[in-house]
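Hello,

Here is the structure I promised to pass on. Please have a look at it, then read my notes below.

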Amino acid sequence: AYRVGARVAWRRLAAAGVAAGMEPQTLALLAEGLFAYIDELSAESAEGYAREQAARAGEQDRRLQECVRLLLREPPASARTVAEAAAAAGWAVPAALGVLVWPPAAGPRPGSRLPIGTITVEVDGMWCAVVPDPAGPGRRRELRAALEGTAAGLGSAVAPPDTARSLRRAQAALRLAEARGRSEE
């Protein structure tokens, strides 16, 4: 849109300049200024759009992480509270989920390699991920590949109200994995 607008404006300015008897050098400087302005305007617009997208993604992540924190709470948050938070995040709470934990020293990177739909959050100094349908076909293989070389523990598959129980089991599995030097389920 900027380029089309600049071309139309330039045609009109050039025609008016020629009709007024302007020097070609002056018209060239005018064109250069016009197109430099359009380039700068385009760059600023693209940068603003990128910042807005990043802010929205950050807000989406924050809302998803809040859903995970609600699921992990003891006593559990009400189903209504979780449903409202999930709706605000645009997330469908899975019917079955499992909690995966790994030590803080491994950092957040393993979370970025986890299966689609997994939400990662740091809880009490430990990395924690809610994995939808952890017992689903091929899911364990995906988890092992994502966590290659990282000690981790996976809790049992549970309904959302029992997420804290899956977390406790995952933490116990992580302690065992660290003692043995490998990942445990």
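**The sheet and its helices**

In this predicted model, four strands form an open sheet in the order β2-β3-β1-β4, with antiparallel pairing. β2 and β4 (153-154) are the edge strands, and each pairs on one side only. Inside the sheet, β1 and β3 pair in the antiparallel sense over six bridges. Leu100 stands opposite Ala129 in β3.

Helix α5 (residues 139-146) packs on the sheet. This helix touches β1, β3 and β4, and its direction makes about 155 degrees with that of β3. Helix α6 lies across β1, β3 and β4. α6 runs at about 35 degrees to β1.

**Ala170 in α6**

Look at Ala170 next. This residue sits in helix α6 (residues 163-180). Its relative accessible area is 0%, so Ala170 counts as buried. What does Ala170 contact, leaving aside its neighbours within four places in sequence? The partners are Val99, Val101, Gly153, Leu154 and Gly155. The C-alpha atoms of Ala170 and Gly153 are separated by 4.6 Å, with the two residues 17 apart along the chain.

**The cores**

The largest nonpolar core has 24 residues. Leu72, Trp91, Val99, Val101 and Cys128 touch the most other members. At least two residues of this core come from each of α2 (24-72), α3 (79-89), β1 (97-102), β2 (119-123), β3 (126-132) and α6. α2 gives the largest share, six residues.

Not counting residues up to four places away in sequence, Leu72 touches Val99, Val123, Cys128, Thr163, Ala164 and Leu167.

There is also a second, separate core, of eleven residues. Leu114, Trp127, Val131 and Ala152 are among them.

**The cysteines**

How many disulfides are there? The count comes to zero. A disulfide is a covalent bond between the sulfur atoms of two cysteines. The cut-off used here is 2.5 Å between the sulfur atoms. For Cys67, the closest cysteine sulfur is in Cys128, 13 Å away, so the pair is too far apart for a bond. From the side of Cys128, the closest cysteine sulfur is that of Cys67, again at 13 Å and too far for a bond.

Are these cysteines buried or exposed? Cys67 counts as buried, at 1% relative accessibility. Cys128 is buried too, with a relative accessible area of 1%. Cys128 is also one of the residues that touch the most other members of the largest core.

Best wishes

Terms used:
Residues numbered from 1 in each chain as written. Predicted model: local features only at pLDDT ≥ 70, side-chain atom pairs only at ≥ 80, totals over all residues. Heavy atoms only, no water. Buried < 20%, exposed > 50% of the residue type's maximum accessible area, 1.4 Å probe, protein only. Contact = heavy atoms within 4.5 Å. Core = buried A, V, L, I, M, F, W, Y, C linked by side-chain atoms within 4.5 Å. Pairing = 2+ DSSP bridges. Axes fitted to C-alpha atoms, helices over the stretch in contact; angles between N-to-C directions.
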